[in-house]
Amino acid sequence: MPDGMMVDYDGLIPNNVGLNQDARLRKALETWHPGYIDWWKQMGPEGFQENLVYLRTAVGVDPKGWAKFDYVRMPEYKWGILLAPAVEDRRIGFGAQKGEPAWQDVPGEYRAMLRRIIVIQGDTEPASVEQQRHLGATAPSLYDMRNLFQVNVEEGRHLWAMVYLLQKYFGRDGREEAEDLLRRRSGSQDSPRMLGAFNEATPDWLSFYMFTFFTDRDGKMQLEALAQSGFDPLSRTCRFMLTEEAHHMFVGETGVARIIERTCQAMRAAGIEDPGDSERVRALGVIDLPAVQRKMNLHFSLTLDLFGAEISTNAANLFNAGLKGRYREDKLTDDHVLRDATYPVLRCIDGAIVSEAAPALSALNMRLRDDYVADCQGGVGRWNKIIEKAGYDFRLTLPHVAFNRHIGEFTALPVDTEGRVLDAANWAARRDAMLPNADDAAYVASLMRPVSARGAYANWIAPPKVGIDNKPGDFEYVRIEE
Ligand code: BYC
Ligand code: FE
Ligand code: FE
C-alpha cells in the first residue's frame, strides 16, 4: 500500500500518521483528548449525548474508506487523524519558491504565518458545533437530526486535524494554541471565536441549512486553497477534510431544496398564485419564499466577510510564501507567481461601486470570493428549478456582494441587495424587506417543533428522495426511546 493509506484503527485515536511510532505526539494528543471530550459534552449537541446515532466513520482514506455506518453514541465517536495519501515528489506549486520540493517540516521563516492560518481554520470547526448545539431539540425528522450530528462529529474531527498539525509541528506554542481552541466560545463576550460569522447564532433549521450551504462552502474554498499549500502535511490534511465537506454542503443544499419543494407543493394545493402573499402561505404552516430569500441574503453576506478584505497583504504574503494558493491552483495555467498580473476588484469610489484593476497578489481574497460566488450560483440555480417546475415565476437571487458587509471595502455601507448605494434613512426603511425581520424570526421559530416518529417529517419540509446509506424511509436514524 502507498504511504498514508494504512489506517491504524485499534488504538484510542484512529490514524494513518504513525502515531504509535511517535511517542511525543501521542502523549500530546492523549493529554489534549480529555479536554476535548469535556468540551464536546459541554458544548456539543445538547440533550443527545447518550443516544445511539447512525453515523458514518472514516476507516480509510481511499473512497471505500467511507463505507462504515453504525450506531454510536457521539462522545464515543472514533475521531481520527487522517491524511490523504502522499503525492510522490510533490513540489511547491506557486509563489516565490515555486518548483522547489514541498516542505515536510515547517519552514522557519514562515512559522508564524503558518501557525496563524492553521489556528484560524481550527477555530471555525468547534465554533460551528457550538452554534448548532441546540438544534437537535427541534429536528424536523430523525433523518435530519442524524445529518446534523454527522456534520457535528466531522467538524469535531476537523478540529482534531488542525490540532494534530499544531502539536506535531509547532512544539509548545502549538500545544498552547490547541488548548486555546477548546477555550474560546462562539458568541462569548470575553473569548469569542476568531471570525465574525462563527459568533452568530444558528437559531433554527432554515439557518442551519443556509449555514451548511453558504458557510461550509467557505470551508470548502479555504480548504481547497490550503490543500495547495507547499507545507505538505497541511495539504494532505485539507485534502482529506474536503471529502467530508461535500456531505455538509449536500445537507445544506438539499435541506433548502426540500423546504422550497414543500412550500411550492402547499401553495399549489391551496391554489395560491402569488408566492409573495406571505400571510396566506404562512397560514399553511410552510415557509414563504421571501423569508427564504431574506435568510439567504443574511447568510451569504455574513459568509462573504470570511474571505477577508478585497485588498490584503496577508493574502499576498501567504501566496508568495507558497502556503495558501488559489482555488484549484494546480488546474490554472498562468505562471503561478503573479508578480506582474492584475485582477479586477470592486471598490466604492465617490458613492459608486466600480471595478478597478489591482495587483493580482493583493487581490487574492477577492479572487477566492469570486470563485465562491460562482460555486454558490450553481446551487441557487437548482433551487430555482424547483420553483420553476412548480409553475411560479418567483426566483431566488444572491444579493450584491456589497450588501450587508462588515469586513473590507463595503464595511457598513448602506447598499441594497441590487448593489445600489442608499442613504441611511432609505436603508433603514428597507432593511426588513432585505434581511430576516422580527416577524420572520417569530414565525420560523413557531415551526420549530421536534418530529421524532420514524419516517415522519415536519409539515414545512419535504422528505428526502433517498435515505442515508440507502436506508428505507422509516429507518430509525437516531434511537430516541430507551
Ligand atoms: N472576522 O488582510 P485581511 C470553515 C482580520 S470556514 C474577523 O483581509 P486575511 C468552516 C484579519 O485576521 C473556513 N477578522 O485578512 C465552515 C486581519 O487581522 P490582523 C475557515 C477578520 O488574513 C463551516 C485583518 O482583518 N478557514 O472551515 O487576508 C463550519 C486584515 O484582513 C475577518 C479560513 O478562513 C473576519 N471575517 O484574510 C465549520 C482559512 N477577516 O492580522 C468550518 C484561514 C479578516 O490585521 N484563514 N479579518 O490582526 C485565512 O486564510 C485568512 O486569515 C482569512 C482573512 C481569509 C480569514
Ligand atoms: Fe470543517
Ligand atoms: Fe463543514
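## Phe-69 and its surroundings

Phe-69 is a residue of strand β2, which spans residues 68-73. In this predicted model, Phe-69 has 15 C-beta neighbours inside 10 Å and therefore counts as partly exposed, since that class lies between the limits of 12 or fewer for exposed and 20 or more for buried.

Apart from neighbours within four places in sequence, the contacts of Phe-69 are Tyr-54, Leu-55, Arg-56 and Asp-469. For one of these residues, Tyr-54, the C-alpha atom is separated by 6.5 Å from that of Phe-69, and the two residues are 15 apart along the chain.

## Packing of helices α1 and α4

Helix α1, residues 23-43, packs with helix α4, residues 171-183, at an angle of about 10 degrees, and their axes are 10 Å apart. This angle makes α1 roughly parallel to α4, because angles under 35 degrees fall in that class.

On the α1 side, the residues that meet α4 are Ala-28, Trp-32, Gly-35, Tyr-36 and Trp-39; their counterparts in α4 are Arg-175, Ala-178 and Leu-182. Sorted by class, this contact has 6 nonpolar residues, 1 polar and 1 charged.

## The chain as a whole

The chain holds 12 helices and 4 strands. Its radius of gyration is 23 Å, close to the 23 Å given by the globule rule for 482 residues, so the chain is as compact as a globular protein of that length. Along the principal axes, the C-alpha atoms fill a box of roughly 65 × 65 × 40 Å.

Of the 482 residues in the chain, 44% are buried. Among contacts between residues at least 6 apart in sequence, 69% join residues at least 24 apart.

How values were computed
Residues numbered from 1 in each chain as written. Chains lettered and ligands numbered in written order. Predicted model: local features only at pLDDT ≥ 70, side-chain atom pairs only at ≥ 80, totals over all residues. Axes fitted to C-alpha atoms, helices over the stretch in contact; angles between N-to-C directions. Helix = DSSP H or I, 4+ residues; strand = E, 2+ residues; numbered from the N terminus. Parallel < 35°, antiparallel > 145°, perpendicular 65-115°, else oblique. Contact = placed C-beta atoms within 7 Å. Nonpolar A, V, L, I, M, F, W, Y, C, P; charged D, E, K, R; others polar. Rg over C-alpha atoms; globule rule 2.2 N^0.38 Å.
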